[in-house]
Amino acid sequence: MAFRLPVRRLALSGVRGRRQTTAASNLLQNAKCISSDAALPNPDPSEDSRSAALVKEYSKYMLATYARPPLVFVKGEGSYLWDAEDRKYLDFTAGIAVNGLGHSHPGLAKIISDQAQTLWHASNLYYNTWTGPLSQLLVEETLKSGGMHDAEAVFVCNSGSEANEAAIKFSRKVGKALDPTGAKYEFVSFRNSFHGRTMGSLSATPNPKYQEPFAPMLPGFKYGTYNDVGAINDLVTEKTCGVIIEPIQGEGGVNVATDKFLIALAKRCREVGAVLIYDEIQCGLSRAGTLWAHSHLPKEAHPDIITTAKALGNGFPIGATIVNNHVSEKIKIGDHGTTFGGNPMACRLAHYAVTQLSDPNLQQDVLSKSKVFTERFERMKARFPELITEVRGRGLILGLQLTQDPNSIVKAARERGLLVITCGTNTLRFVPPLTVSKEEIESGLDILEEAIAATR
């Protein structure tokens, strides 16, 4: 049968032909994108995925304080995570340096099950069987490690920010004990540091991104330049009650304090009677290859307080503030407290975690694995000299300094099955589980190199 077109349709055929050509071109482009996504092992979940449905259903009830990719994680084991689409990811983030022993560690899982059937919480109005042993273990392992040689007592809380709040309060109390007029109240921290989001720890975190929405900060806080030895004497004065510093800055860009700087800072603190606090929340508990990142320093550079959290509970909320006698003798009953801190569940888990993390064999492995990372990073730097300018860090807290925003690399790595995060300005941060294998490291760095090449 003959196929006839009306005259009107014939008149429009030229226009429609052009439209059809454009549509076909767009379709071809979309097909290329689909084909490209299909070639990726873990493309970000589509809008009609189970992950997207979960996000859409529940995100409206969650206060929007984080910008998240569209993944929904449902399972973890060792160095890996699985999402709601049952896709596997090698995790070089460890919950931001939290899961030092890896995900779903069987020893910790057994403890949770057993303790859940025994006792979770009874408040700090009473003793329990795990707060004391955890405190003893932290003190003894600290002394054994070569760190803080006069560690004496521990305050157990729920998080890193709370551990730093306690350290700030204790410093103010020491300041008042040394100078009852109240003139010794100033507190010193350093640019590019991160000490927490509660108002005291936030006031010690001189980053406009975090501080400006909540200004003004608490009075008395002063900020110095990290590793500037010459500025210490003017910065830390007779009015200074406390100084807080990360031996290795995490959020600020994986910047390592020099031994010379920490020795000079400790010397000045002793001269003016200021409490020296080492915030080892991210860099401590063997992440740098020793129990504490300052463990290699001479005694004269040791702190009066260590704060810790993150790996302490391997994902279960707990923090701790370790103090020497200079501090502990000035803290009296009622000076500080916590409702949940020191509960037997958290303390038993942390006791197990510290026992594992303080193992010298694990620490030696951390240093060995660090070399795998750094050697590969140097090769990547040679391959991409216009992109990678510096490798920083120690142990398994490492940073790769880039000349551009790394977020496209983070996405490209994620869609190839590797999780990495950023910090500072244009820095890729690597804080995998300390139990990650060398084979997993090599595999992850293969993915990273492929992701970098794909974004060039």
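# Briefing: a predicted protein model

Val254 is buried, with a relative accessible area of 0%. The model that holds this residue is predicted. The protein has 15 helices and 17 strands. Its 456 residues include a buried share of 49%.

**Overall picture**

- The C-alpha trace spans about 105 × 55 × 40 Å along the principal axes of the protein.
- The accessible surface comes to about 22,100 Å². Carbon and sulfur atoms hold 55% of that surface.
- Consider the contacts in the protein with a separation of 6 or more: 73% of them join residues 24 or more positions apart.
- The protein carries 50 positive and 47 negative charges.

**Nonpolar cores**

- The largest nonpolar core has 59 residues. Phe92, Phe373, Phe377, Leu428, Phe430 and Leu448 touch the most other members.
- Helix H12 (residues 344–357) gives this core its largest share, 8 residues.
- Which residues does Phe430 contact, leaving aside its neighbours within four places in sequence? They are Phe92, Phe373, Phe377, Leu396, Ile397, Leu398, Leu400, Val420 and Leu448.

**Helix H13**

- Helix H13 covers residues 360–383, which makes 24 residues.
- From first C-alpha to last, H13 reaches 35 Å. That is close to the 34 Å expected at 1.5 Å a residue.
- The buried residues of H13 are Leu362, Gln363, Val366, Lys369, Ser370, Val372, Phe373, Arg376, Phe377 and Met380. Phe373 and Phe377 are also among the residues of the largest core that touch the most other members.
- What covers these buried residues? The cover includes helix H12, strand S13 (388–394), strand S14 (397–402), strand S17 (427–430) and helix H15 (438–455).

**Leu291, a residue in a loop**

- Leu291 sits in the loop between strand S10 (275–279) and strand S11 (305–308).
- Is Leu291 buried or exposed? Its relative accessible area is 3%, under the 20% cut-off, so Leu291 counts as buried.
- Leu291 touches Glu141, Thr142, Ser145, Gly284, Leu285, Ser286, Ser358 and Gln363, not counting residues up to four places away in sequence. Gln363 is one of the buried residues of H13.
- Lys144 is 147 residues from Leu291 along the chain. Their C-alpha atoms are separated by 9.3 Å.

**Backbone points to check**

- Most residues other than glycine have a negative phi, and most peptide bonds are trans.
- The peptide bond from Ala215 to Pro216 is cis, with omega near 5 degrees. Pro216 lies in the loop between helix H8 (208–211) and strand S6 (221–224).
- Ile96 is not a glycine, yet its phi is positive, about 65 degrees. This residue belongs to helix H3 (residues 94–97).
- How accessible is Ile96? Its relative accessibility is 38%, between the 20% and 50% cut-offs, so Ile96 counts as partly exposed.
- Val254 also has a positive phi, near 55 degrees, and is a residue other than glycine. Where is Val254 placed? Val254 is in the loop between strand S8 (248–249) and strand S9 (255–256).

Notes
Residues are numbered from 1 along each chain as its sequence is written. This is a predicted model: local features need pLDDT of at least 70, side-chain atom pairs count only at pLDDT 80 or more; totals for chains, interfaces and linings use all residues. Side-chain values use heavy atoms; hydrogens and water are left out. Helices (H or I, at least four residues) and strands (E, at least two) are DSSP runs, numbered from the N terminus. Buried means under 20% relative accessible area, exposed over 50%, partly exposed in between (1.4 Å probe, protein chains only). Contact means heavy atoms within 4.5 Å. Accessible areas come from the Shrake-Rupley method with a 1.4 Å probe; for residues, only the protein chains shown count as cover. Lys and Arg count as positive and Asp and Glu as negative; His and the chain ends are not counted. The place of a charge is taken as NZ of Lys, CZ of Arg, CG of Asp or CD of Glu. A nonpolar core is a set of buried Ala, Val, Leu, Ile, Met, Phe, Trp, Tyr and Cys residues joined through side-chain atoms within 4.5 Å. The expected span of a helix is 1.5 Å times one less than its number of residues.
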